[in-house]
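Open the model in your viewer and keep the sequence panel beside it.

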Amino acid sequence: MGKMMEGMMGGMGQGCCGGAGTELYPLMMSLSSMSPEQRLQVQRLSAARIGEGKALVQLGQQRLFAAIASGDHKVAAEAMQQLRDGLGRIGSGAAAHKVLAEGTRPQATAMRWFKGEMNLGPVGDGESGMASERLSLMHIIAMALLVGFAIAMITMYFFKMRRTASLFGRIEAGSEKPPPGAAPALGGTLAPNGPNRPDTGTLPVVPGDPAQKVGSARPPAPMASPSSEDASPSLPNAKWHGLLRVIQIIAETPTVKTIRLGPAADAATLPFTFLPGQFLNVAFFIGGARMNRSYSISSSPTQRAYLDLTVKREPRGAVSRHIDDLLREGDELEASGPMGRFTFTGAEANSIVLVSGGVGITPMMSISRYLTEQSWPHDIFFIYAGRSPADFIFASDLGLLERRNPRLHVAVIMEHPEGSNWLGLTGRLSMAVLSQVVPDITSRRVHMCGPPVMMDAVRSLLLELKVPAEQIKTEDFGTTAPVPGAGSNRFAAAATGPLVNFSESGKSAKIHVDQTLLELSEELNIGIEFSCRVGTCGICKVKLTAGEVDMAIDDALDAGDKENGIVLACQAKPRGPITVEA
């Protein structure tokens with residue numbers, strides 16, 4: 001009989017609870033009393049069981065709310081089972097702790113728990129106190145979860161009704177104009193929303209069945225050719241300019257914070273749309289000076305109530321230190337954009353490799369979140385290189401995203417894991433690592449974002465692996481301005497280039513060979529605003545009224561800018577005498 005019960009309880013531990021449950025109750029069934037060593041073993045196993053139960057309850061709750069928001073009944077049922085399994089682990093672990101605290105017989109406790117789980121009838125009178133206490137604990141936890149679930153459902157219903165009323169109001173009005181500078185709505189239908197992502201806007205849907213859920217066994221839909229750049233949706237209008245309000249500040253690591261920005265006015269949605277991988281230009285007034293910076297958006301475009309900018313504190317960075325030390329919830333920031341062509345919506349290729357280092361992870365998170373929410377039916381290889389586990393930005397978010405999306409393959413490598421319990425890859429990215437984590441890498445599109453030194457090294461590795469150069473996309477708008485005085489010998493000789501007239505300031509001078517308009521304006525103390533200095537942020541736009549210039553990069557200019565003679569001062573190099581409005 002004892003062996004039969006032990007087998008049943010061991011199997012039951014595997015089926016519903018797993019982990020420590022495969023050993024805890026068979027062990028207790030075999031003990032009439034406990035030695036100090038056996039008490040220590042039971043204590044360890046029961047603590048592990050309770051810990052696993054808590055983790056299951058938390059994960060089940062997250063999955064349940066996400067499934068309700070997206071209407072995925074299958075995942076909701078699985079989440080409910082996770083909640084039940086987690087509560088079972090907590091209850092059985094608590095019963096084992098009771099044995100240790102009160103000194104009751106282990107066999108009696110194991111038999112009582114087994115009968116309760118199998119609904120085999122009431123336990124004896126002598127055991128009623130413990131049974132009622134165990135059930136009381138279970139009931140309290142279950143009731144708390146049900147109350148939380150009910151509140152969440154009521155809140156979701158309220159906001160959906162409010163959204164519906166707003167939409168009907170727009171339809172009836174008919175002639176209401178969009179906000180000033182707002183980008184046109186992108187085509188397609190909204191993807192299934194993830195947790196805390198209300199249905200408040202429209203975005204392009206990547207090819208494939210929009211009803212297909214993540215992890216579905218349905219065959220993937222046909223995709224566009226990997227080399228088809230024309231398949232990408234058109235970029236949103238980048239001419240929006242206005243104020244955004246800080247609604248939350250989230251500490252990611254000791255040196256990195258996410259700034260959550262929402263509409264400054266009393267509005268439900270952002271006054272513009274953006275694509276995954278784009279960035280925003282933000283202006284700060286520090287010590288009486290205006291300073292512009294460009295930050296990648298780390299949130300998904302399907303989230304229309306807010307966007308996230310993730311910023312690292314730099315020891316000598318005036319703006320990043322201002323953000324870290326002084327920025328508070330409720331502050332308003334002047335912003336413009338969105339900008340950038342470092343985008344990926346799933347239409348550009350049938351697989352994607354995202355390589356990032358440090359805070360360069362931010363656009364990769366936006367892309368990965370968006371593709372996951374769209375149930376993109378192709379492989380995403382997410383490679384992150386960090387300095388140490390303590391500096392791992394979005395560690396928990398990326399883990400949750402990986403569990404949601406079986407197509408997302410994450411590889412993280414730490415250069416200095418010393419003093420931590422890091423068990424993953426260590427060192428620096430190498431050809432061996434890239435080949436190991438990304439099969440057939442030569443046939444895939446690769447996006448890179450991180451420190452310039454890292455990107456140069458990884459680009460060399462990719463080219464050695466025979467990845468075509470046209471398949472490698474980089475984002476390096478974060479390049480900092482040169483330090484005053486640095487490289488002063490570069491333009492030490494007399495200028496021999498064409499004459500440049502700055503009409504608004506009334507200044508003119510000959511330009512040096514290979515010098516840009518922005519560099520000449522800095523010599524003459526002409527205040528042309530700038531941020532990236534690499535031709536992508538668009539802050540240094542000026543109007544060319546006479547003459548012609550060459551620009552190596554003009555990503556920040558749209559067709560309208562070019563027709564109106566707008567040039568980028570950080571890129572413009574005169575072919576002959578020119579005049580600009582600055």
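A residue counts as buried when its relative accessible area is under 20%, as exposed when that area is over 50%, and as partly exposed in between. Keep this in mind at every stop. The model is a predicted one.

**Whole chain.** Select the protein chain. It has 13 helices and 19 strands. Of its 582 residues, 46% are buried. Now consider contacts between residues at least 6 apart in sequence: 69% of them join residues at least 24 apart.

**Cysteines.** Select the cysteines next. How many disulfides does the structure hold? The number is zero. Go to C570, which is in no disulfide, and find the nearest cysteine sulfur, that of C540, 3.7 Å away. A disulfide needs two cysteine sulfur atoms within 2.5 Å. Is C570 buried or exposed? Its relative accessibility is 8%, so C570 counts as buried. C449 is buried as well, with a relative accessible area of 7%.

**Helix 9.** Select residues 395-404, which form helix 9, and colour L398, G399 and L401, which are buried. Why do they lie on the same side of helix 9? The reason is that they cover an arc of only 165° around the axis. Turn to the face directed away from the buried side; there you will find the exposed residues S396 and R403. Then show what covers the buried residues of helix 9: the cover includes helix 8 (361-373), strand 8 (380-386) and strand 9 (408-414).

**Helix 8 against helix 9.** Helix 8 passes helix 9 in a left-handed crossing. To see the contact, show the side chains of M365, S368, R369 and T372 in helix 8, which meet D397, L398, L401 and R404 in helix 9. L398 and L401 were also among the buried residues at the previous stop.

**Backbone exceptions.** Most residues other than glycine have a negative phi, and most peptide bonds are trans.

- Select S375, in the loop between helix 8 and strand 8. Its phi is near 55°, a positive value in a residue other than glycine. S375 is buried, with a relative accessible area of 10%.
- Select K466, in the loop between helix 11 (452-464) and strand 12 (472-475). Here phi is near 75°, again positive in a residue other than glycine. Is K466 buried or exposed? At 64% relative accessibility, K466 counts as exposed.
- Select G337 and P338, which are joined by a cis peptide bond with omega about 0°. P338 lies in strand 6 (residues 332-339).

**Last stop.** Select G148, in helix 6 (residues 128-173). G148 is partly exposed, with a relative accessible area of 26%.

Notes. Residues numbered from 1 in each chain as written. Predicted model: local features only at pLDDT ≥ 70, side-chain atom pairs only at ≥ 80, totals over all residues. Heavy atoms only, no water. Buried < 20%, exposed > 50% of the residue type's maximum accessible area, 1.4 Å probe, protein only. Helix = DSSP H or I, 4+ residues; strand = E, 2+ residues; numbered from the N terminus. Arc of directions from axis to C-beta. Contact = heavy atoms within 4.5 Å. Left-handed = near helix turned anticlockwise from the far one by under 90°.
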